[in-house]
Amino acid sequence: MLLKWVGLGVLALLPESSYADDAVANLQSSMDTVWLITAGALVFFMQAGFALLESGMARAKNTVNVIMKNYVDACLGAIAFWMIGYGLMFGINPSGWFGQDHFFLGNAEHLDYSLLFFQTMFAATAATIASGALAERTRYGGYLIGSTLTTAVIYPVYGSWAWGSLYSGSGWLKEMGFVDFAGSTVVHSVGGWVALAGIIVLGPRLGRFGPDGTSRTIQGHNLPAVALGGFILWLGWFGFNGGSTAAATTNIGLINLNTHIAASAGAVGAMLSMALFGRPILMSNTINGSIAGLVAITAGCATMEPLYAMVTGLVAGVLVLIGGAFLDKIRLDDVVGAVSVHAFAGVWGTVAAGMFYAGDLFDPNRIWVQFIGIAAAFLWTFPVALFMYWLISKLFGLRASTVDEARGLDYTEHYEIGYPEFQRDMLHGGKN
Amino acid sequence: MDSDNSSLEALDARVARNRRAIYTGLKPFFPEDELIAALSLWQARYSGGPAYALHGFLNEICTTPPLRKIRNDVHRSLRQALFGPDNALESDPLLQIERWKSTHGNGGASSGGNLGARHSASSNPKTQVFESLFEHFLSLVDEKQPIGLHLRSYIDTHLEKVLSNGPVSVQVSRWLRGKDARLDDGLDLAEMRTILHMAYVLACEYLGPAMADSLLSEAVQHCELQAISRLFPPRKLL
C-alpha cells in the first residue's frame, strides 16, 4: 500500500505523466461526488427540520397533516423533478428561458446523477416552504398538486434563468451576472412567493382575525419540536450552501462559516427587534430569525467576507418581525412565518449579495442586476402560483371546510391522529 | 362472615351520614323537588365515591348560569355539612328519595343535567344530548364574552339555509329565541351538527379558535357525565 502511494507521488512529480494527472483527477472527482452526495443528504434532512418546525407551530389536531405534507411533497417532488424539472432547469438551454432535454434522466454520466440527486433536494426544499404557510386549513390533495407543479415547473423555469444550463446554453439572468450562489431567490424567494399566493387564495384560518380585524395569535402545540426543527434546518444548511460548490473545494470553509455567522446574527437581530419593540423574546421568533439569516446568506455566502455575512443575517432577523407584522396588518395568515422568512429575507439576501460582493463592494450595476433577478422571480412565480392555486381550488378544492378545520385535518384528511392518548377532547364519535 | 356484615353496616352508615350531609348542604339553594332529584342523582352515581369528590356531582347539578354563579357557595355548604358535626345535619331523606324515584323512575334520577334548567321534552336521547351540549356550550361562551344572544340570533336568521323542513325550522327558531323551553324531536343528526357548528364558528370568530375548542371540549365533557350520554355519545354531534 505504501509502495502504491510512493509510486503515485513519484509519478505525480513527473512533468508529463498522464497517469498521475488521471489519478489526481479521479481522486478529485471521487471526492467531489462524495461531498455532493453527503451535502445532498444533509439537504434532505432539512425536510425533517421543516416537518418538526411546522408541525410544532400548528395545533396538535393538525400534526399528522403537516408532517404528511412535508413527507410526501419530497416524494412526489423527487419524481416530478427527475421527470420534468431537472430537464427544464439544467437541460440544454439555447434560448436562455428553459432547458430542453435531460428529462427522465438515464444512461448518463455519474456526475449527472450526483447533480440530479443534489438538485432534487433543492427542489423539494422550494416546494415544502409553502406547506407551513398553508397549514391547518388546506386540503391534502390540493396541496400536493400545487407542490408537485411547483417542483416540476415553477421552480425549475426560474432556476434555469438564474443558474443556466449544466450542458450548453445558459440562462438570461446568469448571463447578466446575477449572483445567487445557493438560492436565496432561486429556492427561498420562489418558495416564499408560492406560499404568499397560497395564503391569499386560501384565506385565514377560522378565528385568526377577530370581527373587528384584530389579529389573534394561534399558539402552536409543541415548541420543543420547533426548536429541534430549527437546529436541524441549521445543520442541513451547511450542506445546502456548502454543497452548492458542487465540488470538494477549499472555499467550503468560508461558505459554511458565513452561513453559521449569518444564522447566529439572524437570531440576534430578531431578539434585538423584539426587545426594542418592547415585546417578549419569543423562542419561535428567535428561531425564525436564525432561519431568515440562513436564507439571506444563501445568495452571497461564497462571495462575501464574514463581517458582511453578519450584517446580512442581522438585517434578515429584523426583517422577519417587520414582515410578519405587515402580513398581520393586511390580514394574511401565514402559520409559520414562511413568507417573511423565505420570501422577504430571500429578497434582502439577494440584494446583500450584490452590495457586499468581495472586491467589488456596492457596485451599482451589480446591485441593479440583483434587483432585476428579484423582480423576475416575483413576476414569474407569484402570478403563476396565484393562478395555479385558484385553479386547484376550483377544480379539486383547496380550502378545507370549517367542520374539518374544527375536527382537525389529522382526522378528516388522514383518519389518524398524532397524540391518541392525550388528544381526546375534540374527537367526534365517528366520521359520519 | 361477621366481619363482612359489619363492613357493610359501616358502609351503609357512612352513606346514610353523607346523604344527610348532602341534603343539608344543598337545602339552602334548591327548591324541594329539585333537591330530592339532586339527591337521587347523588345516591345513584356518587354515594359510592369518596365524600370529598364533589366536582363531578356539582357539574351535573349546576348547569344553568344562575346555578353556576353560586356553584362555589354550594360547594362550600356541602363541605361544611360533610365534615361538620352530626347534630347539625338534617334527618335522613331516604324515604323522600324512594318516593321520588317511584314517581319519576331511575332514569330521571340519574340525569342531573335537567336540574333547574330547561326540561327536555324529547324522548329521543340524541335530541336531549344535543340540547344539553348546545345550551352548555353557549352558556360557557357567554361567560367569556356576552355574545350568547347574538349567537342564537345569528343561527336563527340562517336556519332556513340549514333546515329543509318548515315546521321543524319554526320550532327550532322558537326554541332558539327562548319562546319554547323545550326542543322537540325532528332534527336529524346532520342538522344538529350544522347548528352546533354554526355556534362554534361564531365562537371562533369572537373568542379565537383555541378558546372555542376549549369551551366546546368542556361542554362535551360535561355532557359525557350525564347518564343520557350512554345512549347517545355527544361526540357524535361534533
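This report looks at one serine and at some aromatic rings in a predicted model.

## A serine in a loop

Let's start with S244(A). You'll find it in chain A, in the loop between α8 (223-242) and α9 (252-276). Is this serine buried or exposed? S244(A) counts as buried, because its relative accessibility is 18% and the cut-off for buried is under 20%.

So what's around S244(A)? Leaving aside residues up to four places away in sequence, S244(A) touches F118(A), F122(A), F181(A), A182(A) and G239(A).

Now for the aromatic rings. How many aromatic pairs does a search of the whole structure find? Over all chains, the search turns up 24. One of them is Y308(A) with F356(A), a stacked pair with 4.8 Å centre to centre and 20 degrees between the planes. The two partners are 48 residues apart, so this pair links distant parts of the chain: Y308(A) belongs to helix α11 (residues 306-329), while F356(A) is in the loop between α12 (338-355) and α13 (364-395). With a relative accessible area of 5%, F356(A) is buried.

Rings can also gather in a group. W97(A), Y158(A), W161(A), W172(A) and W380(A) make up one aromatic cluster.

## Arginines over rings

Two arginines are worth a look as well. R366(A) lies over the face of Y357(A), at 3.7 Å from the ring centre. The charged end of R208(A) sits over the ring of F209(A), 4.8 Å from the centre of that ring.

Terms used:
Residues numbered from 1 in each chain as written. Chains lettered and ligands numbered in written order. Predicted model: local features only at pLDDT ≥ 70, side-chain atom pairs only at ≥ 80, totals over all residues. Heavy atoms only, no water. Helix = DSSP H or I, 4+ residues; strand = E, 2+ residues; numbered from the N terminus. Buried < 20%, exposed > 50% of the residue type's maximum accessible area, 1.4 Å probe, protein only. Contact = heavy atoms within 4.5 Å. Phe/Tyr/Trp six-rings, centres within 6.5 Å; stacked < 30°, edge-to-face > 60°. Lys NZ or Arg CZ within 6 Å of the ring centre and 35° of its normal.
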